[in-house]
Every structure is written in structure tokens, then in C-alpha cells.
Amino acid sequence: MTEKPTYLLDTSAALVSLGESTPAHCRHFAAAVADGELHTSVYVRKEFIQRWILGYVRMAFAVYQSSNVSDALFDLSQDFSIRDVKVQSHAIALLLKEKGAIENSRTAAIELGRLAFGELKKFDRRLRSRIPNLSGCRIGEQRLTLDFNRFFQDLRAFVESVEPVEGCDVNEFLGFTTNGHACRLLEAQDVQQKTKAGKQLAKLRDQGKWITCKECATIGDAIIALEQPATHCLVHIDNDFKILCTALGRRNKPILSERGVKKLTPEAT
Amino acid sequence: MAYQGYSSGTADSGSTADSNQASVGDLARGTTETVEVFHEWTPQPTNSSVERVIDIDRFNPPDNVRLVSHVVADFGKGFRSPEYLISIRRREAAKIAESVRGLAEWSESTQFQVWTQQPFEQLRLLIQRLSEAEQSAECPHEGNSCEILRQLRDTFLNLGWRHYRRREVRDCVTAILVYLARVYEVSSNDAELAMDQLFDLDMDPAVIPQLSCVQDDREADVSS
């Protein structure tokens, strides 16, 4: 009997696994991993928190502190960049309207803030299995515990708990000064030249930078690839992982992006 | 929050001696005409005006007219008190539980969505009622029950109402509502447990808008 493959999901793939994409894209993902078990990492959870969960929290506070929900959403849509939570203000406004919470800033803020709780819960329930946290990421381990009678205080406490860490074990893991994992990855062909994370990793190494969460966020793909166990196949939407995984002798399985699926089957969205 | 809604008022007119008008101070010399107006908070405030016509004794007119406006907050406070909100939550949750239980009768109907509209609307109204009342509360009490109600409301969204055709879904949601109708205090653990139960039934208790996944020029090529 053949053993079930174990898949390690990159952050973008993890998101699709939660059903947060078009139905056609979700189906494409489900078919690609149907034969295996889904795993993720503390580091991927960290990226999920920073890109999505904190986005909702930030929106909640911005809306709470505005006199008009629609104006606040418009301001926010100007503010979010492509790598952040790409929540279209129109979609959010429609949703708040549907939930009957567009008129009142405080109610709308609670509706947005509670999505952070719901989404993180969804992530933790669907992706329970984690690979070892070799990079020692502390942000990815934080829990969001909310008492809805102290909603905004608890959200603030969560934001405080995921503030950038200065003395992180990731420095030891990468081993810039000890010819560690990162140096060996950078020796591989194409990593520095053809991947964003590789280029950035080389720059940080050459500058002898101390890695805090700020720098770490720019080399996320490299960390995910370095943490990947030999037993796991990395599922991703990003071409760079092909190079990174090959360099490390690890398996990878690319899946189409939402746009790619749309191109493939224009009618199935 | 602005008070609104006048429900009763009295005009206590009459001349009073200066000595009795310490609060009016030095401005009040001679005789003073006092007009009192009472504004009471009501559970469902509406705009209203208060008008009083005071007859002045033309042969002995007052030197001052003192207007005293009383805001009677006790009445409204009662409607925002934890006890009152608990009673509202318990009563309405029991009604919604009945509505959800009643869906069984229509579970095979092609028009099922017509029937799920009722509990959905009841949930929305109860959330609105409780959250608005708690808005100015010093210490919110119904936050966790509102969260559970929001979870239940979300399970109807995005075609989620279809799940209510299933008996186990109706039983679970009814049990949650009966709990809300029974207990005095709802804890954060209750909110978390409810969410877990709804997830276990493949429902979505925290509906978000469809988001575009992060993608850029490094998008994977799956052909090779």
C-alpha cells in the first residue's frame, strides 16, 4: 500500500485551502491535493496573520474611528497595497450592508474585527498539522483570544502580541556568520539571480544584517523553503519556489493562480 | 447619545421668592416665573417638541422667567440595563429557536429560502437591538451573545441557508439558541464553542467577501 503524500502549503495556497478564492480556483486546488494530507508551518501562519488577520484588525479600528463607514472604506481601499489584504472596499461595503451593519461605525468595526477571529479559527481548524518550527518564529504561534465583552481591548492586546520581535532565533537558523542554511541555499544555482527572496537574502547576508520581523518578511519564501522537511511536497502558486525547492532537493507542486484558472476555463469562475 | 421623545411634562408655574432661587443666583431679582419641562428617555426614541404657553399676570409680571429642563434618564437606563437586555435576548432567542425548529416543515420545499428569511431577519434585528443598546454601556454584557447571534446570521449568507434543510443543522442551531434563551451570562468560551459546532457542520459562521488571492509576476507555471 502506498503512503499518502504530505503537502506543505505555502501561504497563498493555504488561503485557497480555506476556500478564500473563486469556486473554480478552489476546485483546482482541491483536485491537486486530493490524494494527500495538508500541513502548514508556524511561519506560514505568521504570514497569514500579518497579511490578512492584521488587515481586518486595522480596518476595524479605522472604521470605528470614522464617522462614516463608507468614507472609511474608501480611505482604506486607497491605503492597501497589492501584497496586503486586497479587500475591495465595495465588496466589504456590500457585505456590511447585507449583515445590516453599514450605518453604525462601531457595529461595522465589530463586524470587521470578528472576521479576524473567524478567519484565524478557520485556519487553525483546517490546517491543524504543522511541520517543526525550525526558524523559531514566535509571531506565528500567537493565539487570538477574544472576549466579545472586551472586544477592542482584546484586539489591541493581540496586535501587541504580534509586534515585531527583535531577538529572534531565525538569525541562528539562517546562520549568516556560521555558514548555515541560508549560505548553503545561496550557493545553489539561480537562487540569487532568479528569486526575489534569494536576492534579498544575499543582500541581508552581505550587509551582515540582524534579522528582525521586518527583514524576515522580505525573505519569507526562502524561510518556508528552508523549513520544508524532506518528507513533504511544497504546494505553491509562486514560480520562485520551483527554484528554491530544486536548490534544496525538495519536491514541489505548483498550482494555478486564480487568474490562471480563469484563463484556462473562462466560463468557470 | 441624544435623548429624544417626550412622554410627559409638567409646567410648574408660579412666582417664587428670590430667596428660594439660590441656583439662579444674582440674575434673579424680584419675582421669578418657573417653567419646568421633563424629557424622558424612551426605548424607541423619536424626535419631538415640547411647547408650553405661560399666562403672565399683566398687572404683576415676573422679573425673570426660569426655564428648568429635566432629563429623566431612569426610564431609558432601564432599557439599557444588563437585566433588561438579558430578558430581551432570552425572549427573542427562544422565538428564533422556534422559527428554526419550524423550518423542518419546509425542508423539502423548492421555496425553502422564503422560509429561512424569517429566522435570518429575526437574528439581524436582535443583533441590532442588543448592539445598539450596548453602544453606550460602560461595561458591555451582551458582546458574547451578539457574537453567537452573528455567527448564526452568517450561516444563512452566501447560500448558507441551504444547510438548514439538514436536520442536524437545525438541531444544532436550535440548541445554541435555546442555550441563549436560558442562561444569564454568555461567556467567550460559549462563543468559541458555538463557532466550533458550526464549523463541524461545514457551515461558515464568519462570512467574508470573496478576496483576490495574492498573485504577481512570479505566478507559477504548472505546465512543466
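In this predicted model, helix α3 (residues 42–64) of chain A packs against helix α13 (residues 220–227) of chain A at an angle of about 155 degrees, and their axes are 9 Å apart. Because angles over 145 degrees count as roughly antiparallel, that makes α3(A) roughly antiparallel to α13(A). On the α3(A) side the contact is formed by A:Y43, A:V44 and A:E47, which meet A:G220, A:I223, A:I224 and A:E227 in α13(A).

When residues up to four places away in sequence are left out, A:Y56 touches A:L112, A:G113, A:L115, A:A116 and A:E119.

Seen as a whole, chain A has 15 helices and four strands, and buried residues make up 45% of its 269 residues. Of the contacts in chain A with a separation of 6 or more, 67% come from residues 24 or more positions apart. The C-alpha atoms of chain A fill a box of roughly 55 × 45 × 35 Å along the principal axes. How does the radius of gyration of chain A stand beside that of a compact globule with 269 residues? Such a globule would have a radius of gyration near 18 Å, and chain A has 20 Å, which agrees.

Technical notes
Residues are numbered from 1 along each chain as its sequence is written. Chains are lettered from A and ligands numbered from 1 in the order in which they are written. This is a predicted model: local features need pLDDT of at least 70, side-chain atom pairs count only at pLDDT 80 or more; totals for chains, interfaces and linings use all residues. Axes are lines fitted to C-alpha atoms, for helices over the stretch in contact, and angles run from 0 to 180 degrees between N-to-C directions. Helices (H or I, at least four residues) and strands (E, at least two) are DSSP runs, numbered from the N terminus. Angles under 35 degrees count as roughly parallel, over 145 as roughly antiparallel, 65 to 115 as roughly perpendicular and the rest as oblique. Two residues are in contact if their C-beta atoms, placed from the backbone, lie within 7 Å. The radius of gyration is taken over C-alpha atoms; the globule rule is 2.2 Å times the number of residues to the power 0.38. A residue is buried if 20 or more other C-beta atoms lie within 10 Å of its own, exposed if 12 or fewer, and partly exposed in between; C-beta atoms are placed from the backbone.
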